[in-house]
Amino acid sequence: MSPEECKLADWAQIGQRDGSEGKTLAQLNDRAEDCAKVGVSINTQVYQQGRDLGLRSYCRPDNAIHVGLSGGYYFGVCPPESHAAFQQGYEAARYVYGLRSELSNLDQRIETLERRLRDVNRGEEKRLADATSDEQRKAIRKAIDDERRDIRNDLSETDRRLRRKRDELRSAEFSLSNLRY
């Protein structure tokens, strides 16, 4: 916090905002250090009351799903009465987020492999034209065929992994949609 923010701070509002964003009490410590440098002390009790109010909105099951699906992190800030339900929703949603990220990476991998295969095919004529003997052309053809085979094998394996992950994602999304609180 800036010195000016420390002097003008509404600690209840700051605590409520921190709570509604799921921030840990370490945030309060950071703010206290910043403000102590300019001789301002924090009203910890007012901050905590605001934070508790903010946590009530943060620790809702629907927010757990939002935090998990957006790739956010849960730092165990919810009170005991809401922690288990929040954790369950968060973990299920975070799992879906992870699967979606994996699918995106696999899609990118397939695009890269397809581009490599096109580049090999486009470059074949030039490589063969640069050869000075039949023996060189034969070696070049073999190298190109080997490279194509390796790329196609990698494509096949990546496609299999992609299909498995899609099935896993459908199952995880179904489980997430059927969570009961």
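Axes are lines fitted to C-alpha atoms, for helices over the stretch in contact, and angles between them run from 0 to 180 degrees between N-to-C directions. The structure described here is a predicted model. This report considers its helix pairs and then its nonpolar cores.

**Helix pairs**

| Pair | Angle | Distance between axes | Source |
|---|---|---|---|
| H2 (residues 11-20) and H3 (residues 26-36) | about 145° | 11 Å | computed |
| H6 (residues 80-130) and H7 (residues 134-177) | about 160° | 9 Å | computed |
| H5 (residues 61-69) and H6 | about 25° | 7 Å | computed |

Helices H2 and H3 cross in a right-handed sense. On the H2 side, the contact is formed by Trp-11, Ile-14, Arg-17 and Asp-18, and on the H3 side by Gln-27, Arg-31 and Cys-35. Sorted by class, this contact comprises 3 nonpolar, 1 polar and 3 charged residues.

Helices H6 and H7 pack at an angle of about 160°. Because angles over 145 degrees count as roughly antiparallel, H6 is described as roughly antiparallel to H7. Their crossing is left-handed. The contact of H6 with H7 draws on 21 nonpolar, 3 polar and 20 charged residues.

Helix H5 also packs against H6, at an angle of about 25°. The two helices are therefore roughly parallel to each other, and the crossing of H5 and H6 is right-handed. From H5, the contact involves Asn-63, Ala-64, Ile-65, Val-67, Gly-68 and Leu-69; from H6, it involves Phe-86, Gly-89, Tyr-90, Ala-93, Arg-94, Val-96, Tyr-97 and Arg-100. By class, the residues joining H5 with H6 are 9 nonpolar, 3 polar and 2 charged.

**Nonpolar cores**

The largest nonpolar core has 20 residues, and the members that touch the most others are Val-96, Ile-140, Ile-151, Leu-155, Leu-162, Leu-169 and Leu-176. Helices H6 and H7 are the elements that give two or more residues to this core. The greatest contribution comes from H6, with 10 residues.

Val-96 links several parts of this description. Leaving aside residues up to four places away in sequence, Val-96 touches Leu-69, Leu-169, Ala-172, Glu-173 and Leu-176.

How values were computed: Residues are numbered from 1 along each chain as its sequence is written. This is a predicted model: local features need pLDDT of at least 70, side-chain atom pairs count only at pLDDT 80 or more; totals for chains, interfaces and linings use all residues. Side-chain values use heavy atoms; hydrogens and water are left out. Helices (H or I, at least four residues) and strands (E, at least two) are DSSP runs, numbered from the N terminus. A crossing is left-handed if the near helix is turned anticlockwise from the far one by less than a right angle, and right-handed if clockwise. Contact means heavy atoms within 4.5 Å. Ala, Val, Leu, Ile, Met, Phe, Trp, Tyr, Cys and Pro count as nonpolar, Asp, Glu, Lys and Arg as charged, and the others, Gly among them, as polar. Angles under 35 degrees count as roughly parallel, over 145 as roughly antiparallel, 65 to 115 as roughly perpendicular and the rest as oblique. A nonpolar core is a set of buried Ala, Val, Leu, Ile, Met, Phe, Trp, Tyr and Cys residues joined through side-chain atoms within 4.5 Å. Buried means under 20% relative accessible area, exposed over 50%, partly exposed in between (1.4 Å probe, protein chains only).
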